[in-house]
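The following briefing accompanies a sequence and its three-dimensional model. Please view the two together while reading the points below.

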Amino acid sequence: MNTLGALKAVFKAMTDGVFIMNQDYVIEFMNQSMKADFGECVGRKCHEVIHGQGDICANCRNDEISFHEEVFITSVNKMYDISMYSFFADDGRILKLSIFRDITANKKREQQLIDSERNYQQLFQHVGCGVYISSKEGKFLDANPALLKMLGYTSKEEFLAIDITNDLYMQPEDRNKFRQMIESDGQVIAYEVNFKRKDGTSISMLLTSHVRYGARGHVLGYEGIMVDQSQRKQMEKEIHEKNVFLYNIIQNSPNPIMAADMKGNFIIWNSSAAEILGYDTSEVIGKMNIRAIYPEGMAKKVMQLLRGSNYNRPGRLSLYPVVYMRKDGQMVEGNLSAAIVYDGKGKEIATVGIFVDLKERLEMERRLKLTQDQLLQSEKLAAMGRLTSQIAHELNNPLYGIMNTLELLKTEIPVENRRRKILEMALSETIRLSGLLRNMLMFSKPDQEIKQPTDIKIIMDEILT
């Protein structure tokens, strides 16, 4: 076997693509790997097969004995590492050997690695939370701009020069605690710690980190992220203050405020409720059901009214008269204003009510009604007195006329006459009737007997008349 034949036998076994062309750029040999990418192309010119063009490519025109380059072949959408060698055949011709090594996958991996590194750098530089790499000894090796801004540093070099234990931690012992946790578990998740800004003020951070190990498994340092908790802490403080304020409003309300879950178990019971209904808060919350303070059936009726639309709009109830039972068994009357509490999805989660104790008001209304009845009775008696006075006054005149007439008749009838006794009896009854009328006048007008100067001559003339 000649030399070229031996080479072709070797090339057939290669996984890289191999072809041989003559001085006219005509392909004389292709191994299987080359045929797999470009097809059976023996007898065709190289530039037509590889690049699909009529002009000879620069590689073929190259007179160098050998050269090497990476080329992307558009026709097969692959990147090749191409090596070309010129050699003499046994018959004296100059042939060119081309070896095509497919490096497409390697290039993709390289590009992915480059892209990944670029993305990591962009993330490192632009992420909103602080990112750091530190040594085990307590020096920062790298930090992103967000971390510098959080801690008040403008110079990265100045920040990398600080001592983490003494210059960063408000409490240096927290650094030792962090190292113990991270080296024990290999990571620390959401570790809350107070750091020191450049100006010495405190900043609350949430620290999530893991260990950086060397080739032999020893600890090199730590890396991770830091999240500024100042805003969350401020929000928590504001929420806490609002909750305290709301709690104080509920507790200091002069009216009982009560709330229960949808099973009727109390979850809110303010001091006024404890005072008016006699149950201490510790006896109620989580221990007592709302049915315990209602007469039988009243709790169910209130819920029906809350869910219905006859009394008020659904979910609300205003100034509904109810009766509660105190711990000592006494009844407390008042008005209830209540509402159903819904979650964000519109599901019923609780009921809340404000009770207005009407005991004093109802007692006042009862006293007022009694006073009104008494005044009405007094008016009736006064009217009767006025009527009695008028009647007595009107009867007095004819009565005195009758008395005078009887007195005159007495003088005309002898004493021994039987009619004289009947006349005296009639006069006696008339005098008694006059006395009754006088008593009636005194009762109806007790204050009108006022003494005043009078001309006796006028009175005598009227009597004689």
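**Surroundings of Thr351**

Leaving aside residues up to four places away in sequence, Thr351 touches Met258, Ala259, Ala260, Met262, Met303, Leu306, Ala339 and Ile340, where contact means heavy atoms within 4.5 Å. Thr351 is found in strand 15; helices (H or I, at least four residues) and strands (E, at least two) are DSSP runs, numbered from the N terminus. With a relative accessible area of 12%, Thr351 is buried, a term that means under 20% relative accessible area, with exposed over 50% and partly exposed in between (1.4 Å probe, protein chains only).

This is a predicted model, in which local features need pLDDT of at least 70 and side-chain atom pairs count only at pLDDT 80 or more, while totals for chains, interfaces and linings use all residues. Residues are numbered from 1 along each chain as its sequence is written, and side-chain values use heavy atoms, with hydrogens and water left out.

- Five strands form an open sheet in the order 12-11-15-14-13, with antiparallel pairing; two strands pair if DSSP finds at least two bridges between them.
- At the edges lie strand 12 (266-269) and strand 13, each of which pairs on one side only.
- From one strand to the next, the twist averages 25°; axes are lines fitted to C-alpha atoms, for helices over the stretch in contact, and angles run from 0 to 180 degrees between N-to-C directions.
- Strand 11 (residues 257-261) and strand 12 run antiparallel and are joined by three bridges.
- Ala259, one of the residues that Thr351 touches, stands opposite Ile268 in strand 12.
- Helix 13 (residues 298-307) packs on the sheet and touches strand 13, strand 14 (331-342) and strand 15. The direction of helix 13 makes about 180° with that of strand 13.

**Aromatic pairs**

- The structure holds 15 aromatic pairs; rings of Phe, Tyr and Trp (its six-membered ring) pair if their centres lie within 6.5 Å, and planes under 30 degrees apart count as stacked, over 60 as edge-to-face and the rest as tilted.
- The Tyr80 and Phe100 pair is edge-to-face, because the ring centres are 5.3 Å apart and the planes stand at 65°.
- This pair links distant parts of the chain, with Tyr80 in strand 4 (residues 78-88) and Phe100 in strand 5 (residues 94-102), 20 residues apart.
- Tyr80 and Phe100 are both buried, and together with Phe19 and Phe38 they form one aromatic cluster.
- Tyr324 and Phe355 form another edge-to-face pair, at 4.6 Å centre to centre and 65° between the planes.
- Tyr324 lies in strand 13 (residues 316-325) and Phe355 in strand 15 (residues 348-357), so the pair ties together parts that are 31 residues apart in sequence.
- Tyr324 counts as buried at 1% relative accessibility, and Phe355 is buried with a relative accessible area of 0%.

**The protein as a whole**

- The protein has 16 helices and 15 strands.
- Its radius of gyration is 59 Å, whereas a compact globule of 465 residues would have one near 23 Å; the radius is taken over C-alpha atoms, and the globule rule is 2.2 Å times the number of residues to the power 0.38.
- Along the principal axes, the C-alpha atoms fill a box of roughly 205 × 60 × 45 Å.
- Of the 465 residues in the protein, 32% are buried.
- Among contacts between residues at least 6 apart in sequence, 41% join residues at least 24 apart.
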